[in-house]
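Q: Hi! I'm new to reading protein structures, could you walk me through this one?

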Amino acid sequence: MTRFQRIAVFTTLAALAAGAGAWFAQTHHAPRAPEARALAGLWQIAYPDPQDQSQPLAQWHGRPLVLNFWASWCAPCREEMPDFDAVRAQYRTDGVEIVGIAIDTPVNVRAFLQNQPVAYPILIGEGAAHNLARQLGNAQGALPYTVVLDRNGRIVLRHLGRLPRATLEAVLRKISP
């Protein structure tokens with residue numbers, strides 16, 4: 001066997017071993033996707049409300065849940081808030097809850113809500129909420145970002161940008177009684 005043939009055999013065996021190792025690691029020891037980890041830990045998260053009272057997301061576990069990530073400086077976020085208020089009033093008797101999670105400071109959120117109050121719960125997540133939004137599929141990190149979960153905690157809608165009311169209502173009709 002020539003030196004070139006030995007190198008070729010060695011290279012082929014090394015590539016096969018590396019591929020087998022990667023396959024084994026990925027199928028047997030791979031970490032769960034960030035979204036799966038985020039969903040698994042979602043119900044352990046708590047953020048303060050504007051009155052600085054800790055509000056655990058677990059209080060809405062088992063219900064259809066709309067999580068809307070927003071900020072006071074975001075124009076499309078502000079535009080969709082009246083629609084969220086109206087949809088919440090319409091679907092609340094079906095157990096649906098809408099929760100606004102601000103990626104903003106407490107001072108900005110309180111000032112904003114004084115001028116534009118909403119009936120649905122608002123939580124102040126600051127940077128931690130930005131990380132959660134990314135883990136739930138918002139790779140761009142842009143706002144607004146909305147995630148709709150069914151009663152079993154499965155994501156049924158992810159929407160980046162202003163969410164049309166008709167789209168939200170169509171999803172909620174499918175997942176609420």
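Q: Is Arg165 buried, partly exposed or exposed, and what is its relative accessibility?
A: Arg165 is partly exposed, at 32% relative accessibility. Buried means under 20% relative accessible area, exposed means over 50%, and partly exposed is in between, using a 1.4 Å probe and protein chains only.

Q: Before we go on, what kind of model is this?
A: This is a predicted model, where local features need pLDDT of at least 70, side-chain atom pairs count only at pLDDT 80 or more, and totals for chains, interfaces and linings use all residues. Residues are numbered from 1 along each chain as its sequence is written, and side-chain values use heavy atoms, with hydrogens and water left out.

Q: Thanks! Back to Arg165, which residue does it meet in a salt bridge?
A: Its partner is Glu169, at 3.0 Å from N to O. A salt bridge here is a side-chain nitrogen of Lys or Arg within 4 Å of a carboxyl oxygen of Asp or Glu. Both residues lie in helix α6, four residues apart, which is about one turn of the helix. Glu169 counts as buried, at 14% relative accessibility.

Q: Why do such side chains pair up at all?
A: Side chains of opposite charge can pair when their charged atoms come close.

Q: How many salt bridges are there in the whole structure?
A: A search finds five. One of them joins Arg162 and Glu79, with the closest N and O atoms 3.6 Å apart. That pair links distant parts of the chain, 83 residues apart: Arg162 sits in the loop between β7 and α6, and Glu79 in helix α3. Another salt bridge is between Asp150 and Arg154, at 3.1 Å from N to O.

Q: Where do the names of helices and strands come from?
A: They are DSSP runs numbered from the N terminus: helices are H or I with at least four residues, and strands are E with at least two. The protein has six helices and seven strands.

Q: Let's look at α3, then. Where does it kink?
A: There is a kink of about 30 degrees at Met81, shortly before the proline Pro82. The bend at a residue is the angle between axes fitted to the seven residues ending there and the seven starting there.

Q: Which residues of α3 are buried?
A: Cys77, Glu80, Met81, Phe84, Val87, Arg88 and Tyr91 are buried. The buried residues of α3 pack against β3, β4, α4, β5, β6 and α6. Contact means heavy atoms within 4.5 Å.

Q: New topic: where is Asn138, and what does it touch?
A: Asn138 is in the loop between α5 and β6. Asn138 touches Ala133, Tyr145 and Leu160, leaving aside residues up to four places away in sequence. At 1% relative accessibility, Asn138 counts as buried.

Q: Last one: what share of the protein is buried?
A: Buried residues make up 40% of the 177 residues.
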